Amino acid sequence: MSADEQQARIDTLSGELKIAHLTIDKLKIELSYLRRMQYGRSSEKLDHAGQMELMDCALAPVPAANDAGASHVTPIAGRKKDTGKTRPGRRELPAHLPRQTVVHNPEGGCNCVACGKGLRVIGQDVSEVLEYEPGNFLVIRHVRPKLACGNCHSIAQAPAPKRPVERALAGAGLMTHVLVSKYADHTPLYRQSQIFARDGVELAVSTLTDIVAAAAWLLTPLAQAMGRYVRSGSKIHGDDTPIRVLGGARNKAKTGRLWVYVRDDRAGGDTAPAAVWFQYSADRKGEHPRRHLRDFEGILQADAFSGYNRLFEDGRIVEAACWSHARRKFYDIHEQQHKLAGTLAHEALQRIAAIFAIEADIQGQTPEERSRQRRRRTRPILEELQRWMSATLVQVSAKSPMATAIGYSMSNWRALTRFVDDGRMEAHNNIAERALRGVAIGRKNYLHLGSDSGGERAAVIYSLLSTAKLNGLNPRAYLRHVLERIAEHPSNRIDELLPWVVAEQLQQSPEPVRRAA
């Protein structure tokens, strides 16, 4: 074949290939269009008037429409009998979701408890709960067969399974997902609503808000137990952070505060579990930490906030300041000076770094050993640092940032150096600052809280999730474990649901149990 023939053949094949590509692209477009049409018919969105009211406690659970036993449900005493008319806002759970059926048989099995004769099925009660497993929704069908005795005509039926919120369609798994998504993964409720809609489940933001409110109400006694545990220790790390809240004067947003109190003595060799306790207030007045810590006696490690001052007046609480706060003032100056070496700010940072290096070396040792090491190694550094600050202060302008930074350290010198003689104290308050990181990230996403009550709910949820993470637990697994049990748990034994108490149970049962006894 000549060169001209070869080129002609190449041109012919190239043309045919282009035609084939065009044909394939056309078929792909047509196939995609048909699939979208088919999906659109099978997953029509629920209209606004028919959205599920998951938290409507005035309504009984919705029976399965395709269950023959639904018509045999015995009305609960004191309630109006269902006339069969469709109520506004009440609708069946989406049919496209997979169903998992759990059958609850009465005690005694197929034999009558009264006379011992065999039982026969005469009907059943069916209720559905919308659950959530990471990555997909499912509906749990709780079936409770009604069995009647042909001899004595007695009827037996298992009791209805308990739910986190009575008669609510949201199960523990869905409630856990909503809480963890907002307060641990920082996903606002309106964004969660959009995510759920992509799966064909219409959950309005108001519905999700009701879920958060109901869960926080259930979990409040447990958060209070964490607060009691934190205050029972000998040392607390305290801090606060601002958070934007709606409902201020003339319908404007205001600045609320989330206060955090952490008990964590592991750096001093203590084996007691660590815990975090959040509290909310509408402002930053000193009366709030005084109320939070009215029963506490010991060490409060915090910054030099003036609102804490009255706590230290009677000697019941001892102040321990934070070198991280003192260091930050020098670091801000160092950044403004483009981090040039040899400046006064750079020299201050180097001197303070020597203190932190010693703290890293003695971390985890006993309080007695830490005190001994600090007296021998840290005290000379602090004495030299104090002399350097005094000499530097007379060399700089009284209104300069450097004078302000030195003035902060010098005015709080007693509280900043008290840790040398007490091995229980830390040189810094980083423990409390780390506990507030989740709040700082979250407020960048959800921007504000809806009300003061929303701040109180946030404090409850943040307390549980932060404590679970501090104890090495999966926050989702822990919160679900609690929500599945707390409604029936005795209030005088609420401490049995604290993270470090249930840790072993969570390790033994990583997956939720679905089959009823």
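**Notes on the predicted model**

1. Serine 181 and its surroundings. Leaving aside neighbours within four places in sequence, serine 181 is in contact with His186, Thr187 and Gln192, contact meaning heavy atoms within 4.5 Å. The residue sits in helix α2, which spans residues 172-183, and it is buried, with a relative accessible area of 6%. Here buried means under 20% relative accessible area, exposed means over 50%, and partly exposed lies in between, with a 1.4 Å probe and protein chains only. A polar atom of the side chain of serine 181 lies 2.7 Å from the backbone oxygen of histidine 177.

2. Basis of the values. This is a predicted model, in which local features need pLDDT of at least 70 and side-chain atom pairs count only at pLDDT 80 or more, while totals for chains, interfaces and linings use all residues. Residues are numbered from 1 along each chain as its sequence is written, and side-chain values use heavy atoms, with hydrogens and water left out.

3. The protein as a whole. The protein has 15 helices and 9 strands, where helices (H or I, at least four residues) and strands (E, at least two) are DSSP runs numbered from the N terminus. Of its 517 residues, 45% count as buried, and among contacts between residues at least 6 apart in sequence, 69% join residues at least 24 apart.

4. The two sides of helix α12. In α12 (residues 437-446), the residues Val439, Gly442 and Tyr446 are buried. They cover an arc of only 65° around the axis, and therefore lie on the same side of α12; the arc is that of the directions from the helix axis to the C-beta atoms. What covers these buried residues includes α2, β5 (235-245), β6 (254-263), β7 (275-281) and α13 (452-470), whereas the face turned away from the buried side carries the exposed residues Arg437 and Lys444.

5. Two residues with positive phi. Most residues other than glycine have a negative phi. Leucine 447, which follows α12, has a positive phi of about 70° although it is not a glycine; it lies in the loop between α12 and α13 and counts as exposed at 54% relative accessibility. Histidine 338 also has a positive phi, near 60°, and is placed in the loop between α6 (323-336) and α7 (344-362), where it is exposed with a relative accessible area of 68%.

6. Which residues does leucine 349 touch, leaving aside its neighbours within four places in sequence? They are Arg327, Phe330, Tyr331 and His334.

7. The packing of α4 and α14. Helix α4 (residues 205-231) and helix α14 (residues 475-483) pack at an angle of about 115°, with their axes 10 Å apart; axes are lines fitted to C-alpha atoms, for helices over the stretch in contact, and angles run from 0 to 180 degrees between N-to-C directions. Leu218, Leu219, Leu222 and Met226 in α4 meet Tyr478, Leu479, Val482 and Leu483 in α14. The residues of this contact divide into 8 nonpolar, no polar and no charged, with Ala, Val, Leu, Ile, Met, Phe, Trp, Tyr, Cys and Pro counted as nonpolar, Asp, Glu, Lys and Arg as charged, and the others, Gly among them, as polar.

Notes:
A polar contact is a pair of N or O atoms within 3.5 Å; within protein, one must be able to donate a hydrogen and the other to accept it, and residues adjacent in sequence count only if both atoms are side-chain atoms.
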